[in-house]
Amino acid sequence: MAKQRQVRVEQKSALAAMTQLETRSDDELLAETRYRAAAQAILGARASERYDAQAAREHFRKAIAAARPQERMQLRRMAEASLALAERRPDDLKAAVEKLGQEAPSSRQLFVLRLMGLIAPAQGASRLMRARGVLIIFAIVVVLLALGFGIAELVLLPFGGGSIAGGIGLGIVIVIVALAVLAFVGKRKQAAAREKARAARAG
């Protein structure tokens, strides 16, 4: 009886093992055999964070195939959320996260994901959607350079103003610095979001 109880505990702890497996590298997760379902689910979640929908779908397919029947529903819900993220579908992501019993992404996060869907469409998107993404990127660059030039002119105004070339050069520097700061803040927020997701899975 004690042996059967131990087997049941081990079987039930397959998804709970995700917390322990989170710190392992991709190669270590691929080699995992005891908790294969959990390892493949983590690999699927990581692929979705890279917006690689094809890899995420394949990892979750393997995870569901390796899981026990009572674990498959939870894994399917995780797959839905991960694929919605990878394919940049903010509305589906919000619904899938809520099904998991977790706090839905903020409106700002969903807006960023929607914007990313316009700029960098998911794999398999039509040429028209990709062309639209290129045009949006070009428009954003033009707007950022115009803003940078305007700020540079305001900075140089107390010093008697500057040439157009000087204003453009300083504007480019301002834009680069602003983008670097935004990228740094964005990475920190992403890291915090990953930690929150790990804590939610552990709970």
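Me: What's the relative accessibility of D92?
Reply: D92 comes out at 40%, so it counts as partly exposed. The cut-offs are: buried under 20% relative accessible area, exposed over 50%, partly exposed in between, using a 1.4 Å probe and protein chains only.

Me: Before I go on, what am I looking at here, and how are residues numbered?
Reply: This is a predicted model, where local features need pLDDT of at least 70, side-chain atom pairs count only at pLDDT 80 or more, and totals for chains, interfaces and linings use all residues. Residues are numbered from 1 along each chain as its sequence is written, and side-chain values use heavy atoms, with hydrogens and water left out.

Me: Back to D92. Which residue does it pair with?
Reply: D92 and R89 meet through their side chains in a salt bridge, 2.6 Å from N to O. The term means a side-chain nitrogen of Lys or Arg within 4 Å of a carboxyl oxygen of Asp or Glu. R89 also makes a salt bridge with E87, at 2.8 Å N to O.

Me: And those two, how accessible are R89 and E87?
Reply: R89 has a relative accessible area of 28%, so it is partly exposed. E87 is partly exposed too, at 22%.

Me: How many salt bridges does the structure hold?
Reply: There are 7. One of them joins D91 and R114, with the closest N and O atoms 3.0 Å apart. D91 sits in helix α7 and R114 in helix α8, so this pair ties together parts that are 23 residues apart in sequence.

Me: Which residues do shared partners join into one network?
Reply: R57, E87, R89 and D92, through salt bridges that share partners.

Me: Is D91 buried or exposed?
Reply: Exposed, with a relative accessible area of 57%. R114 is partly exposed at 38%.

Me: Zooming out, what's the secondary structure?
Reply: The chain has 10 helices and 0 strands. Both are DSSP runs numbered from the N terminus: helices are H or I with at least four residues, strands are E with at least two.

Me: Which residues touch the most other members in the largest nonpolar core?
Reply: M18, L21, A41, L75, M78 and L93, out of 27 residues in that core. Two or more residues come from each of α2 (18-21), α4, α5 (53-66), α6, α7 (90-99) and α8 (107-119). The biggest giver is α4, with 6 residues. A nonpolar core here is a set of buried Ala, Val, Leu, Ile, Met, Phe, Trp, Tyr and Cys residues joined through side-chain atoms within 4.5 Å.

Me: How much of the chain counts as buried?
Reply: 28% of its 203 residues.

Me: What about S48, where is that and what does it touch?
Reply: S48 is in helix α4 (residues 36-49) and is buried, at 2% relative accessibility. Not counting residues up to four places away in sequence, S48 touches A56, S82, L85 and A86; contact means heavy atoms within 4.5 Å. Its side chain also reaches the backbone oxygen of A45 at 2.6 Å.

Me: And what's S82 in contact with?
Reply: Leaving aside neighbours within four places in sequence, A45, S48 and F60. S82 lies in helix α6 and counts as buried at 10% relative accessibility.

Me: Where is A79, and how far is its C-alpha from that of G44?
Reply: A79 is in helix α6 (residues 69-86). The two C-alpha atoms are separated by 7.6 Å, with the residues 35 apart along the chain. A79 is buried, with a relative accessible area of 8%.

Me: Switching to the outside, which residues form the nonpolar patch on the surface?
Reply: I137, V141, L145, I168, I172 and I176, with about 490 Å² of accessible area together. Helices α9 (127-156) and α10 (164-202) each give two or more residues to the patch. Patches take residues with over 30% relative accessible area and no salt bridge, joining like charges within 9 Å and nonpolar side chains (Val, Leu, Ile, Met, Phe, Trp, Tyr) within 5 Å.

Me: How accessible is I137?
Reply: I137 is partly exposed, at 39% relative accessibility, and is found in helix α9.

Terms used. Polar contact = N/O pair within 3.5 Å; in protein donor to acceptor, adjacent residues only side chain to side chain. Areas by Shrake-Rupley, 256 points an atom, 1.4 Å probe, with all protein chains shown as cover.
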